[in-house]
Amino acid sequence: MATAAATPAPAAAAEGPAGPLAAEFGQSLEGRILFWIAVAFSLFQLATAAHVLNLPSQVVRALHVGFLMLLGLPFVAALAGRAVRAASWILALLGFAVGLYQWLFYEDLVFRAGDPTQFDLVAGVAALVVLFVAAWRIMGPALPIISGVFLAYALWGEYLPAPFDHRPYDYAQIVDQMAYGTEGIYGIPTYVSSSYIFLFILFGVFLERTGMIQLFTDVSLGMVGHAKGGAAKVAVIASGLMGTISGSGVANVVTTGQFTIPLMKRFGYRAAFAGGVEATASMGGQIMPPVMGAVAFIMAETIGVPYAEIAKAAVVPALLYFGSAFWMVHLEAGRSGLLGLPKDQCPSAIAALRKGWYLILPLAALVYLLFDGYTPLYSGTIGLALTVVLLLGGAIARPISALALRVLFWIVLGLAAAAFLKFGVWIIGAVLAVLIAVNLATRGGRATLLLARDALAEGAKTALPVGVACAVVGLIVGTMTLTGAATTFGDFVVSVGEKNLFLSLVLTMITCLILGMGIPTIPNYIITSSLAGPVLLHLGVPLIVSHMFVFYFGILADLTPPVALAAFAASPIAKESGLKIGIQAVKIALAGFVVPFMAVYAPALMLQDGGPLTEALGFPVAVAYIIFKACVAIALWGAAAVGYFIAPLAWWERLLATAAAFSLVLAVPLTDEIGFALSVLFLTQHFWRRRREKTS
């Protein structure tokens, strides 16, 4: 019963993304205004998610982008000169005014859709200009330039030679396509950002405030801290656990990395390798259910399947991704002779869970709701509400000295909160109202309410780069929808790889990786899936598998220099060049490159039916077989990349391991048999050589 009496203590605030957005709001008048704009932004999103404020989807999207402009432009200009700050505020207010315009004149705009007035065109151009400036200031030049190229293609592509040309489009038609309706700025990416993504970012921020990071770190240290290379293994496991609630690679780096990177350096890992481990593990948070990255929600909307199906397809690849990272750091530790922490310095994982088990309850409720068929929007709203109940309830329970009363309080509060399953969402709203009223009456309660207020501002700040990316990439989607550019690219890939699926997959992978050198995961996925998704589907790859293939390499692309966002986020913590960290991150993630290829040839790896393997063995056996084969292939790829297994590898052993792994990845006749035979040969001779060296 003692564990039931535990109460959550507020955790330190997590830092935001690296770069301009890492700045604090500050205590100046301008800083306080920005802070309250951020709070208002979060409250607006919560009100629309909980249907307290019922607005048309188009209006919610427009106001969402308006808030992004209003908060983002002055925020990144806060440290600039007076002229730059003034210009940023003017553009920010203009961007927000466009959102208000779409709200106030929503019905008029709907009735004259396709036939905009002169003022509509002026407002549309203003929205485009402000968005491009905001994207450039917040995310750098790469994504705005790419989006600008697509917009220029819509305007002047008619003058290009065949087959790259398209029919002429009127200027008014292009502005209407991009700045109004649901094809351009306010397309599916912005819809997902304004509903699911923002909500789950807030969910992660509030969970962090309850002390979830400390729980994950203690459990990880207790499990593997004492093992060979334990410091790096702690980073992998803690980041994997953090990924279940965050879905943001950069956010994971700057939270768990504050502890794990210095720990790895202290125990002998090179700074670049330590940063690379954290960056690799943190980026994997985007494919770790239940709270995956923003791309997963966009994917669910794009291909029209429940989010739970996306999460189900991601489970095994996510575990294999983290397993491969875990394996790589184990091999590196063996090669470099790095030991773990002394056992007496590691906390007990069981004791940590006994102390903080209640922190998992909102996450468990989220998983239950998602897989019970509820929408991500409803599930996220309930998960967030339960987290706030936990935070505010802890402030009330903490001063209660009698154990029995504390236990009774949590039982009553838990039953009241769980009543939403029978009586609806309003019951949680009522519980929160009571908790807020009680907290206002005590000093500790008021401090907790301030913590919750700060979390609202933190969530809005964290959502800025994601939301702006979703809005600006909508221009690319709008251009491809208008001009049919995706079909031109698809015809090219089909003509090259029509009789060779592997070649088409390689072309798609290269496209993802090249795009990933300049743009983040979200626009990378949207562009590449729009171009290559239909091609892979035409070549017989199942729908979810084809999109997960693009998603997976979009994440791996985020580790590739020169723009490796997670690596540069780790740079100031590791005190090492972001470029060097990025190179190490790619090396650590290398073994994971085999997973999406294997899933294409055997959809059972993503728990999808179909494919010759499933037809031959049956679904359960096919799943077990392909997971075993993937583990063997990852083990061999890792050994070949690091040059170590149970002992250093000779050059010819590395070639043998590479050949065996490559054979297991391919799914043409006899390659599995050849791959397993080469694997046995590699293991036999390596153990024999190791034994002979020991005896000599």
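Me: Which residues is S88 in contact with, leaving aside neighbours within four places in sequence?
Reply: L73, P74 and A77. Contact means heavy atoms within 4.5 Å. This is a predicted model, where local features need pLDDT of at least 70, side-chain atom pairs count only at pLDDT 80 or more, and totals for chains, interfaces and linings use all residues. Residues are numbered from 1 along each chain as its sequence is written, and side-chain values use heavy atoms, with hydrogens and water left out.

Me: Why is S88 called buried?
Reply: Buried means under 20% relative accessible area, exposed over 50%, partly exposed in between (1.4 Å probe, protein chains only). S88 has 6% relative accessibility, so it counts as buried. S88 is found in helix α3 (residues 82-104).

Me: What makes C631 partly exposed?
Reply: Its relative accessibility is 39%, so C631 counts as partly exposed. C470, by contrast, has 0% and is buried.

Me: How do you know that the span of helix α25 agrees with its number of residues?
Reply: The expected span is 1.5 Å times one less than the number of residues. For the 15 residues of α25 (residues 543-557) that gives 21 Å, and the end C-alpha atoms are 21 Å apart, so the two agree. Helices here are DSSP runs (H or I, at least four residues), and strands are runs of E of at least two, numbered from the N terminus.

Me: What makes α25 mostly covered?
Reply: Of its 15 residues, 14 are buried.

Me: What does the secondary structure of the chain come to?
Reply: The chain has 32 helices and zero strands.

Me: Why is the chain called as compact as a globular protein of that length?
Reply: The radius of gyration is taken over C-alpha atoms, and the globule rule is 2.2 Å times the number of residues to the power 0.38. For 696 residues the rule gives 26 Å; the chain's radius is 26 Å, so it is as compact as a globular protein of that length. Buried residues make up 59% of the chain.

Me: Which residues touch the most other members of the largest nonpolar core?
Reply: Among them are L71, M264 and F551, in a core of 231 residues. Helix α21 (residues 443-483) supplies the largest share, 20 residues. A nonpolar core is a set of buried Ala, Val, Leu, Ile, Met, Phe, Trp, Tyr and Cys residues joined through side-chain atoms within 4.5 Å.
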